[in-house]
Amino acid sequence: MPKDTTISARLWAFAIWTLVGLFLINLLGLIGSVVTSSFATRWLGTWLPAGFTTRWYFSAWAEFQLDDVLTVTFQIVFAVVFLSGLIGVPVAYAMARRNFPGKQLVMILFLLPILVPPVTFGIPLATVLYKVGLGGSITGVILANLVPTVPFVILVMIPFIEQVDPRIESAARVFGANTRQVFLHVLLPILTPGVLAALLLVLVRTIAMFELTFLTAGPTSQTLVVALYYSVFAAGVRAVQSIDAMAVIYMLTTLVWLIIALRFVNPTQIVARAKREAN
Amino acid sequence: MSGATLNEERVSLRTRLAEKGIDGTTLLILPGIIFIFALFVYPFCYGLWLSFQPKVGGALANYEKFFSQPFLYNTIWTTMRLALPVTLINLLISLPIAFRVRLMRNQRLLTTLLILPITLGTVLVAEGMIFYLGPQGWFNRILLTFGLISAPLKLVNNYWGVFISLVITGFPFTFLLILSYVTGIDPSLEQAAATLGANARNRFREVFFPLLLPGLAITFCLAFVQAYSVLPSAVLVGDPANATRVISIAAYQAATEEYDYPMASAIAMIMGVTQLGVVALVLALRSLVYRGPVAAAKG
Amino acid sequence: MKSPEFNELRLDTIRREFGGFNALKGISLTIKRGEFIALLGPSGCGKTTALNCIAGLLSLSGGKIMLDDRRIDDLRPEERGFGMVFQNYALFPHMSVAKNIGFGLRMRGVAKSEIDRRVAEAVNLVRLQGQEAKLPGQLSGGQQQRVAIARAIVIEPPLVLMDEPLSNLDAKLRLEMRQEIRRIHSSLGSTTIYVTHDQEEALSLADRIVVLREGEIRQVGTPEDLYARPADVGVADFMGYRNRLAGKIVSRDGATARIDIGGGELVGLLQGSFSGDAAVVALRPEDLSTDMTGGGEAGSFGAKVTAIEYRGSEFHGLAMTDQGTELHFSSHHRHGVGERIRLRGMPERTLVFDGAKA
């Protein structure tokens with residue numbers, strides 16, 4: 001379609017770009033404030049801090065035992081990523097390939113954990129986990145985080161698997177491949193991009209998941225985001241700059257993974273992908 | 001003889017099941033089902049049961065307590081008052097931006113920038129807001145310098161603090177979903193409408209909007225769920241004792257401060273019911289409108 | 001229903017670039033009211049680009065489009081008032097058949113009773129009675145096609161644009177819809193521009209055919225013109241002249257010439273001007289045969305059969321000349337593979353082009 005050049009169309013476009021601009025500028029200001037503060041020697045009631053230093057990063061690292069926290073965070077995150085792929089992908093495959101009685105019901109079952117706020121099932125789940133002795137442990141945090149991520153993987157993977165022509169698998173079987181060989185040599189290579197995309201999104205989600213981790217974590221199983229919350233919540237005890245340094249570290253850990261994820265998936269095609277490639 | 005018959009029967013049973021769509025592949029959903037039952041359905045049911053086992057009083061005591069104390073039942077209204085407008089605002093901002101981005105040839109950079117707040121997480125956004133929007137922050141300083149305001153705006157530690165925080169953290173998600181729905185609509189439909197005499201406004205009203213409506217409903221539900229369970233920002237940049245005492249704060253306090261798990265479970269159940277009520281309402285409205293394919297119809 | 005009055009649509013050296021790529025390299029064409037014009041060419045020749053430019057879905061990089069004295073290339077598509085049928089039909093999936101057809105009228109603010117009357121008329125014209133309340137998804141491909149046509153013509157456009165409207169249908173339905181499109185065109189007296197890559201479709205439908213290649217017009221003419229006298233080897237190839245032989249002009253006699261193709265000779269009609277004696281001979285399979293006799297060795301050449309298949313009324317074969325050119329020929333005999341044969345062309349249907357230009 002040629003560009004609409006009427007005055008009202010131009011005004012409308014201008015208004016929207018202004019909105020986008022304001023959003024981005026304020027976002028930049030917000031992130032900039034935290035980053036500036038994390039490098040500030042002292043910053044009270046002025047445009048810019050009195051001086052700059054990197055020492056808050058070292059003190060934050062030591063004070064909050066960030067090496068421990070980061071180790072725990074990534075143990076939890078990678079376990080969640082691996083397990084949600086392991087459970088979710090086969091389910092998505094079966095759901096995409098078979099029609100069986102009660103499929104609708106199963107689908108609703110898998111949808112519910114995404115449609116219900118984490119707090120709602122998080123509180124009873126935490127109670128159950130404490131009852132069976134997993135409360136406060138890394139295992140407990142992993143299990144709790146899996147509840148929304150497994151359905152997430154299923155939902156993202158179903159359309160992706162549906163658009164893979166089942167005749168490819170049939171062809172492999174005609175040529176004598178058994179189930180394991182079909183899976184290893186045919187399905188896995190085809191599905192890898194989709195699985196990778198889904199799992200990277202799970203990874204970003206899990207790093208940022210506050211509610212479930214907060215409810216189930218103990219002192220030794222805190223992830224970065226929960227540690228950050230406690231430090232902000234208990235502000236005043238520690239220098240605000242070292243909290244900011246920790247917040248910046250947190251932002252960078254997620255940012256790296258988000259950028260990696262965006263290299264693999266075009267985010268706009270999560271819903272539309274199947275249709276587009278079918279054409 | 002009998003062995004052969006048995007074998008035949010077994011084969012036919014297997015075939016019969018396969019015809020209904022149940023075979024080895026279908027069984028792959030079993031681990032998923034077991035997982036959901038163990039970690040979602042069972043805890044949920046346990047929580048429901050627990051909510052009827054109050055520390056004191058009869059089976060319904062927790063619910064009676066919740067609905068008799070304004071301190072507790074007002075949290076539903078407080079949460080709705082935040083979550084509903086925030087979700088609507090995010091939808092209303094995302095829609096025109098998504099329509100702009102759709103026309104761009106290189107969408108990736110802008111999309112990445114717009115969904116950047118996903119990486120920030122609620123805690124960093126809250127921390128940033130305290131700095132940036134606080135009375136000494138850059139935002140108020142700039143407005144004061146340009147003479148747009150005479151005294152610093154109070155934007156944190158009240159209703160608006162949580163509101164802004166929810167818009168920032170909820171926008172990327174809403175935008176991403178809406179963008180993918182918008183780009184999923186066959187562009188030839190717009191061209192067809194144009195050749196038939198529809199101007200930009202009519203193309204949106206007659207073609208895009210009705211086709212987007214189902215997607216907008218889904219997006220609304222998912223974004224609403226996120227906003228409804230707001231917790232960290234309600235505490236950090238809100239007014240957790242009054243204006244932003246949302247329902248999840250009440251639930252957390254019962255669980256982690258009073259160690260009253262039955263009461264916490266009861267609040268969680270009330271939270272789920274009210275939230276699902278809104279979702280069910282939206283989905284019911286959705287089923288009243290068309291929800292078929294958004295590509296052009298094909299033979 | 002009648003089309004509004006206009007006398008001619010003029011494309012004046014219209015150009016379109018896509019980031020440095022010239023999709024249309026200055027096309028000029030005049031279309032008269034009531035004509036059925038086919039834009040014919042292989043994919044990527046610019047025919048759909050040309051149609052989208054006329055519809056206003058693409059802006060021009062240069063040139064102008066005139067409707068009589070009115071310049072229309074700066075108008076937006078909704079201001080041009082042309083009817084368009086899309087390749088994938090582009091029916092609105094959320095509207096009933098009647099709503100789809102009435103869309104253009106609603107956009108024009110036509111009164112409700114008038115819309116109902118004209119939609120009913122259009123439904124009759126495309127023979128969709130009884131389907132008005134269905135959604136497009138409930139219709140077959142052919143029915144969807146009819147809705148798309150009805151939706152485009154119900155607004156009584158001065159010009160109907162069709163972008164490969166039959167390419168998504170199966171062979172039988174395609175034939176049926178071809179006749180339908182022609183019938184609707186004549187009963188409305190409208191002007192139609194029809195884009196296709198199928199020469200048979202163009203030949204059977206159009207009053208005039210415009211052959212496009214690489215963004216340029218190669219030939220404009222009636223179907224008979226194009227079929228009998230293609231302007232160059234490229235157009236000939238598109239018109240079913242599948243055999244192409246390089247050779248040298250030995251002698252001329254008015255418009256006819258004898259061409260030495262190595263291992264024998266062919267007699268054919270000279271096309272256009274020649275800069276030397278290099279020639280390219282184009283021949284249809286049905287005009288190259290083993291059956292014709294007379295003239296002894298003259299006007300024929302030897303080849304070896306490489307394949308033969310039965311086509312009902314005759315045999316269709318592949319043969320290799322001694323120079324290694326593969327040729328399609330027809331015959332009433334089942335030749336064996338490997339057999340030496342002598343092939344002879346029908347001189348009045350053998351076209352000789354300048355070899356230096358081809």
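How many residues of chain A are in contact with chain B, and how many of chain B with chain A? In this predicted model, 93 residues of chain A are in contact with 92 residues of chain B.

**Stop one: the interface of chains A and B.** Select both chains and display their surfaces. Together they bury about 8000 Å² between them, and 79% of that area lies on carbon and sulfur atoms. Next, select Met1(A), Leu30(A) and Trp47(A), which supply 8% of the area that chain A buries against chain B, more than any other three residues.

Then colour helix H1 (residues 7-38) of chain A, the source of the largest share of the side that touches chain B, namely 19 residues. Colouring that side of chain A by class shows 69 nonpolar, 16 polar and eight charged residues. A search across the interface of chain A and chain B gives zero salt bridges, but five residue pairs in polar contact.

**Stop two: the two domains of chain A.** Eight residues of domain 1 are in contact with seven residues of domain 2, and the two domains bury about 510 Å² between them, 66% of it on carbon and sulfur atoms.

Now select Val34(A), Ser37(A) and Ser38(A): of the residues in domain 1, these lose the most area to domain 2, together 63% of what that side buries. On the side of domain 1 that touches domain 2, four residues are nonpolar, three polar and one charged.

Methods:
Residues are numbered from 1 along each chain as its sequence is written. Chains are lettered from A and ligands numbered from 1 in the order in which they are written. This is a predicted model: local features need pLDDT of at least 70, side-chain atom pairs count only at pLDDT 80 or more; totals for chains, interfaces and linings use all residues. Side-chain values use heavy atoms; hydrogens and water are left out. Contact means heavy atoms within 4.5 Å. Buried area is the accessible area (1.4 Å probe) that two parts lose on being put together, summed over both. Ala, Val, Leu, Ile, Met, Phe, Trp, Tyr, Cys and Pro count as nonpolar, Asp, Glu, Lys and Arg as charged, and the others, Gly among them, as polar. A salt bridge is a side-chain nitrogen of Lys or Arg within 4 Å of a carboxyl oxygen of Asp or Glu. A polar contact is a pair of N or O atoms within 3.5 Å; within protein, one must be able to donate a hydrogen and the other to accept it, and residues adjacent in sequence count only if both atoms are side-chain atoms. Helices (H or I, at least four residues) and strands (E, at least two) are DSSP runs, numbered from the N terminus.
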